[in-house]
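Below is a briefing on selected features of one protein model. It is meant to be read with the sequence and the structure in view.

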Amino acid sequence: MGGQGALGSSEGLGVQAALGKTGAQGALGGSEGLGVPGVLGGSEGLGVQGALGGSEGLGVQGVLGGSEGLGVQGALGGSERLGVQGVLGGSEGLGVQGAMGSSEKLGVQGVLGSSERLGVQETLGRSEAHRALQGVVCQRCWLLVHHQQALHMQVSREQYRNLVSAALRSPPRHGRRPLVLYMVDMMDLPDSVLQDLPQLVGAGSNILVVGNKVDLLPGDSPDYLKRFRKQLLRSCAHVGILPAAQGTGGQVARTGSQNLVDVHLISAKTGYGVEELISKLQRSWKCNGDVYLVGATNSGKSTLFNTLLQSDYCKSKAPEVISRATISPWPGTTLNLLKFPIINPTSDRLFRRQERLKAEAEKTEEQLSDDEQKYLKCLKKQGYLIGRVGRTFQQQKSKTVIDFDPDELSFSMEEEPVFSSNKPKERVEFTYNELKDARWFFDTPGIVKENCVLNLLTEKEVKLVLPTHAIVPRTFVLKPGMVLFLGALGRIDYLQGAKSSWFSVVASNLLPVHVTTLEKADGIYQKHAGKTLLKVPMGGEERMKEFPPLIPQEITLEGIGTLEAVADIKLSSAGWVAITAHLEDKLQLRAYTPEGTTLMIRKPPLLPHIVDIKGNRIRGSASYRTKKPPPLVENLKANGTNKQIKRVSKI
């Protein structure tokens, strides 16, 4: 199909010109794909520049409305998380399967959300087509603008390395190297600290490590957050990410090493620690250029991006123009990144921000508005540590101007008044001066971790395994010869030991724990794997036929006392079990995880005193009643019911 079929006339741009070395058949799936008369509603067919309002005849990036590396299914009306393969659909160009997500005709449903596959001419009329398509944006941009949510993107490890390295190793902008904001899931430590991170970011990079999801973990001692920070520093040092050498002024003094600027603990979901993180980032303005948010999938990157987008770290006008701000092609690729412009922290802005933070810290919970109290109450149910992220600099909204047409308001007694609702909204744009020296905050795609149990699960199963609410520890006292199942994803056999030991499970509250005897364990797995009792995986015998078998690993531990766990048995990313045993009691255990996933013995344990977070023993059972510690809120004035707020917020 040539330009006539693709664009409705020989004068319009052919698909090769519009989509860049892609024929009409590759771009629209063959002769069944609608030409511009169907899509744009004009018999003469507008070129891409005319259709999408671009000033330079946009390529695929413009045709798909800034798809941010997603295929149309993800960008223009679907929720699939397509990687680069989904965008490119092969090395020859964009086929319908890769570009459009299906082999069907491109209808208005994909572009404008209509339920009918009608051309714009049939839906809006020819005169409206140009104006309508000017406002078309991809779904990813739409979610950011209207719901402050970013669609997840994930690519393979090799693609991720090539893409991120290309940006981080490029010549520094503003004469300063970029800052890498590395996101680590504290629930998955140390696996969430990628072994090849130093090679990914390159030598001499400035890295600020952010430990996320601390709100999900209960405090087992007054100084548990300090312990988290030390554990995170230890994990970073293990892969070669070390603080700058003393006496170098913060610069890298070791050949081939990275500069660990700081380690900070946050909850991107509840806002805990985010205001302090923003202050740290603003203080580093003079030392760093652009900022890149890097991390594995499910580490909370998109949540943090959404939070910062509505904070003092982002230019106040950016959320309204994010559809333009998101387009950032990588050199040599067609993948685009979400980004927003960072606000320049001038002395006046920093002063105003500090004044706001001081005023907020003087408030008590009772002094908050009804909406704030309601939101705070909701967060308390979801996490142990809560923060409040506000905004000092607000975009000033212009006064509403009522625009009317006198002819439309005049009608006779026999006529019904007809009002036009098709007035185009004025688009908010950045000026050249606002962006010419801007520094940008980029959200990179999440890298898929290798040997992770989540890679084996369906989307529905992942939602059960990944915790989204504060984890309530479940503690069991087991004798030798007993077995603990964590769903059908993990199993621990207590083979030998002089006395009973305590097994404390730290995993999603939705993931069931089942305790049985060694003699019954195999039969229970065969009978209930894939079914209600063990819950995950789900789908019965058919699902379990394709699910990898559980592979055993022998473990020997020696107890250090009944008040402190000796180690965590980490069952890939499904959670972990903290083992507490009597002093010098030697335990022989056998732990199982699905074939191809990683089982780790973590010493020291992340929550060594977790055995204390339990209620009374349930009579006739190996279980203890659960006990949920109270939540703490930072940046609120301490009172009689919240004395620990100030102490925790300073850790």
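Leu281 is buried, with a relative accessible area of 3%; buried means under 20% relative accessible area, exposed over 50% and partly exposed in between (1.4 Å probe, protein chains only). This is a predicted model, in which local features need pLDDT of at least 70 and side-chain atom pairs count only at pLDDT 80 or more, while totals for chains, interfaces and linings use all residues. Residues are numbered from 1 along each chain as its sequence is written, and side-chain values use heavy atoms, with hydrogens and water left out.

- Leu281 belongs to helix H17 (residues 274-283); helices (H or I, at least four residues) and strands (E, at least two) are DSSP runs, numbered from the N terminus.
- Ser192 is found in the loop between strand E2 (179-185) and helix H15 (197-201), and counts as buried at 3% relative accessibility.
- Ser192 and Ala296 are 104 residues apart in sequence, yet 6.8 Å apart in space, C-alpha to C-alpha.

**Aromatic pairs**

- The whole structure holds nine aromatic pairs; rings of Phe, Tyr and Trp (its six-membered ring) pair if their centres lie within 6.5 Å, and planes under 30 degrees apart count as stacked, over 60 as edge-to-face and the rest as tilted.
- One of them is the stacked pair of Tyr292 and Phe442, with 4.7 Å centre to centre and 10 degrees between the planes.
- Tyr292 lies in strand E6 (residues 291-295) and Phe442 in strand E9 (residues 439-443), so this pair ties together parts that are 150 residues apart in sequence.
- Tyr292 counts as buried at 8% relative accessibility, and Phe442 is buried at 6% relative accessible area.
- Phe340 and Phe441 also form a stacked pair, at 5.0 Å centre to centre and 15 degrees between the planes.
- Because Phe340 lies in strand E7 (residues 338-342) and Phe441 in strand E9, the pair ties together parts that are 101 residues apart in sequence.
- Both Phe340 and Phe441 are buried, and together with Phe305 and Tyr313 they form one aromatic cluster.

**Charges over rings**

- The charged end of Lys339 sits over the ring of Trp440, 3.9 Å from its centre; this requires NZ of Lys or CZ of Arg within 6 Å of the ring centre and within 35 degrees of the ring normal.
- The charged end of Lys614 sits over the ring of Tyr624, 5.1 Å from the ring centre.

**A five-stranded sheet**

- Five strands form an open sheet in the order E11-E14-E18-E17-E20, with antiparallel pairing; two strands pair if DSSP finds at least two bridges between them.
- Strand E11 (474-478) and strand E20 (599-602) stand at the edges with a single partner strand each, so one side of each is left without a neighbour in the sheet.
- Strand E17 (residues 567-571) and strand E18 (residues 576-580) pair in the antiparallel sense over four bridges, and Lys570 stands opposite Trp576 in E18.

**Cavities**

- There are five cavities of 30 Å³ or more in the whole structure; on a 1 Å grid over the protein atoms alone, a cavity is a set of points where a 1.4 Å probe fits but cannot get out, and lining residues have an atom within 4 Å of a point.
- The second largest cavity has about 160 Å³ of space, a volume being the space filled by probe spheres set on the points.
- Its lining is made up of 22 residues, of which Asp185, Met187, Asp188, Leu466 and Ser573 lie nearest the centre of the cavity.

Technical notes: On a 1 Å grid over the protein atoms alone, a cavity is a set of points where a 1.4 Å probe fits but cannot get out, and a pocket is an open set with protein on both sides within 12 Å along at least five of seven lines; lining residues have an atom within 4 Å of a point.
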